[in-house]
Amino acid sequence: MTSIPTGLRTLAIVQAGGQGSRMDVLTRERAKPALPFAGVHALIDFPLSALAGSGIADVWVAVQYQSSSLDEYLSGGRPWDLDRSRGGFRRITPEEGSGTAHEDGFSFGNADGLFRMREAIRMFAPDVLLVLSADHVFSLDLEPVVAEHLSRGAECTLVTAEVGRQEARHKMVVHGAEGGGRVSAVEYKPDSTSVGTVATEIFLYQPEVLLTELERLRALRHTGAEDPADTGLGDFGEHLVPALVDRGKVYAHPIEGYWKDVGRPQAYLQAHCDLLSGKIDVFDHPLRPVLGPAIPGVPGWIGEGAVVEDAMIGPRSRVRGTVVRSVLGDGVEVQAGAVVEDSVLLDGVVVEAGAQVRTAVLDSGARVLREARVGARPSGTRLSDDAIVLVGKDSRIGRGAVVEPGARLEPGTTV
């Protein structure tokens, strides 16, 4: 295995600033990277844990939408041992008055976001720049990926995964990279594709080439834009990566083990199903554990007469009813006679006696009163967004009320 040269200066940027509109009511009042996963983690834990476990200490987290929902959780990088006196963790937020219109404020995509940070990146002067998204479930030792990137003389390395062709339509499809070769072309969210190789949104860049290309593309794209703050760069797959592919030095590195983008309701619920069925291996690596802030409190409690099958019960949760193929977060209560199936209940949810919750995600503090019915079993075998109920934070579903499959309840809704 090729080793990383001593003294290599590596910088990682975790782009955690997107609005997460596809998750609808679950991201009205939180940044998507703060969305809980597996009861005791948040999505931001996965990239930060991968970086910490790979010995990459200089990590910037770029946030913009609902950034306060992440501040306390991030704790200056302490849960991932990234807090230090020199270097280490840094939180990047949008600024006003820091430059011209296309440098101030919110970004218009992840490539545009890097363009706005270009001077800070230049001042840091990294030898390798890693850029990661924060809405994926994965575990990856990045050290050999960095070493391979350097040994190839790559200008860009895409960490890739194999997914179904239907799923690939939502991603950046990568051609010519079977087994980890040189990338011949990419397609960004095509209408159809015969290829299931996609970019996982874990990128390694040669910094000077990246910054030069961003500035060149900005000069080409930013002509006649209605919004002077919009550089026209958009997301990586729109202009940046295709331009780098044309230069001939973009390579793929296939990820080993489980990887899933959980930025849509179907994918989020499916990933929890995968967790319960043992398909997720990301928690199986003792040398690079998935870290995050500790949740205080006693372990979950299961009372007499409860039925719990293929489920995970979070700390301080209390179950007297039936919980099947579901994940309960911190402090959830399922009362006697209540039924929860194929669902995810975030912290503080209460399902009262006789209520039923099926194929749903209930946000923090939601309460389902007696005899209410939320969702239903899907009619087919394939799970879809339209079959999943999303209940916003602190919503209240009244006694005997019915919430049909596919419903979206805004935070604080009373039904």
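On a 1 Å grid over the protein atoms alone, a cavity is a set of points where a 1.4 Å probe fits but cannot get out, and its lining residues have an atom within 4 Å of a point. Grid points are joined across faces, edges and corners, and a volume is the space filled by probe spheres set on the points. The model toured here is predicted: local features need pLDDT of at least 70 and side-chain atom pairs pLDDT 80 or more, whereas totals for chains, interfaces and linings use all residues. Residues are numbered from 1 along each chain as its sequence is written, and side-chain values use heavy atoms, with hydrogens and water left out.

**First stop: the largest cavity**

The structure holds two cavities of 30 Å³ or more. Select F46, S49, A50, F138, S139, L140, R288, P289 and V290, which line the largest cavity; its volume is about 40 Å³. Helix α1 (residues 45-53) gives the most to this lining, with three residues. The lining comprises six nonpolar, two polar and one charged residue (Ala, Val, Leu, Ile, Met, Phe, Trp, Tyr, Cys and Pro count as nonpolar, Asp, Glu, Lys and Arg as charged, the others, Gly among them, as polar).

**Second stop: the open sheet**

Next, display the six strands of the open parallel sheet, in the order β16-β19-β22-β25-β28-β31. β16 (312-313) and β31 (408-409) are at the edges with a single partner strand each, so one side of each lacks a neighbour in the sheet. Helices (H or I, at least four residues) and strands (E, at least two) are DSSP runs numbered from the N terminus, and two strands pair if DSSP finds at least two bridges between them. Zoom in on β19 (residues 327-328) and β22 (residues 344-345), paired in the parallel sense over two bridges; V344 in β22 is the bridge partner of V327.

β2 (36-37), α9 (265-276), β19 and β22 each supply at least two lining residues.

**Last stop: the nonpolar cores**

Finally, select I44, V61 and L130, which touch the most other members of the largest nonpolar core, a group of 63 residues. A second, separate core of 37 residues includes I92, M172, L210 and L244. A nonpolar core is a set of buried Ala, Val, Leu, Ile, Met, Phe, Trp, Tyr and Cys residues joined through side-chain atoms within 4.5 Å, where buried means under 20% relative accessible area (1.4 Å probe, protein chains only).

Key:
On a 1 Å grid over the protein atoms alone, a cavity is a set of points where a 1.4 Å probe fits but cannot get out, and a pocket is an open set with protein on both sides within 12 Å along at least five of seven lines; lining residues have an atom within 4 Å of a point. Buried means under 20% relative accessible area, exposed over 50%, partly exposed in between (1.4 Å probe, protein chains only).
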